Amino acid sequence: MKKTFLKNASRLLMLTALSTITLFTSCEKEGLEIFDQQEIISKQTRDTYLNLPHDQINSKGLVPVGLAGKVFLRDIKIFYNQVPQEWVTPTNRALTEWSSFNNLLNMRRVFSRADADIVISGEAEIGLNSSPAGADFPDVANGPVGKFVTINLNYDDNQNLALTPNLRYYIMTHELGHNLGLTHFDPIGFMAPNFTEVHENWGGISPTEANTISETLFPIDPR
Ligand SMILES: [Zn+2]
């Protein structure tokens, strides 16, 4: 987790540039309150990367627009596009995890990209060597799930916490949560923006978290 100031500064510069180009705005709750809902919904959004220091998360400035619609959660089809071998089993486990906590949501691997709701790709994220992965939020509230998860091939195991199969499973479960529209601000333990050695022993979605997620993603329609 040790990083020099220079690296942080150059990363920050790059992220600031990215923010400018893509008109990303802050993902802080204060930021959300500045913009009205219509503006937020019109933006393409991207996950903040897991394990970035908080100031960098802010500078990347991503705005979740809302949760995916219930109808899009029943059968989420996922294509593995050049997923590194060491991520395949952890990713399979994450899909099983998301499919197991209630009977309303299902995720499964498909072998045709054309059929997929989510594409998981290994990509070298320039300047982001402390972030193992990222994901897209839904483009619109109540719409389809976010389309991509990125496994960062530039994650530096020497400078950062070395990834293990269990940590990859934890990280992938987290990222897929973003595809559904969950954010770092939701009261769900594994959606917190950082991971540590402790998560090596993560026991999966807890009953309490399962209830919170179910109530969040599948609210009872008011009558
Ligand atoms: Zn995240």
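This is a predicted model: local features need pLDDT of at least 70, side-chain atom pairs count only at pLDDT 80 or more; totals for chains, interfaces and linings use all residues.
1. **The end of H6.** The residue after H6 is Gly-181, and its phi is positive, near 110 degrees.

2. **H6 itself.** Helix H6 has 16 residues and spans 23 Å from its first C-alpha to its last, close to the 22 Å expected at 1.5 Å a residue. The helix is mostly covered, with 13 of its 16 residues buried.

3. **The loop beyond H6.** Gly-189 sits in the loop that links helix H6 (165–180) to helix H7 (207–217).

4. **Strand S1 and its two faces.** In a regular strand, side chains alternate between the two faces of the sheet. Strand S1 (residues 76–81) has Ile-76, Ile-78 and Tyr-80 on its covered face, whereas Lys-77, Phe-79 and Asn-81 are on the uncovered one.

5. **Neighbours of S1.** Strand S1 pairs with strand S2 (residues 107–110) in the parallel sense, over four bridges. On the way from S1 to S2 the chain passes through helix H5 (residues 85–100), and this β-α-β crossover is right-handed. S1 also runs parallel to strand S3 (residues 118–123), again with four bridges joining them. For Ile-78, the bridge partner in S2 is Arg-109.

6. **The nonpolar core.** Which residues have the most contacts inside the largest nonpolar core? They are Ile-120, Leu-176 and Leu-180, in a core of 30 residues. Two or more residues each come from S1, H5, S3, strand S4 (133–135), strand S5 (148–152) and H6. H6 gives the largest share, six residues. As general background, nonpolar side chains tend to be buried together in soluble globular proteins.

7. **A closer look at Ile-120.** Leaving out residues up to four places away in sequence, Ile-120 touches Ile-78, Tyr-80, Asn-81, Val-83, Thr-91, Val-149 and Ile-151. Of these, Ile-78 and Tyr-80 belong to the covered face of S1, while Asn-81 is on the uncovered face.

Definitions and conventions: Residues are numbered from 1 along each chain as its sequence is written. A residue is buried if 20 or more other C-beta atoms lie within 10 Å of its own, exposed if 12 or fewer, and partly exposed in between; C-beta atoms are placed from the backbone. Two strands pair if DSSP finds at least two bridges between them. A crossover is right-handed if, with the strands pointing away from the viewer, the path from the first strand over the helix to the second runs clockwise. The expected span of a helix is 1.5 Å times one less than its number of residues. A nonpolar core is a set of buried Ala, Val, Leu, Ile, Met, Phe, Trp, Tyr and Cys residues joined through C-beta atoms within 7 Å. Two residues are in contact if their C-beta atoms, placed from the backbone, lie within 7 Å.
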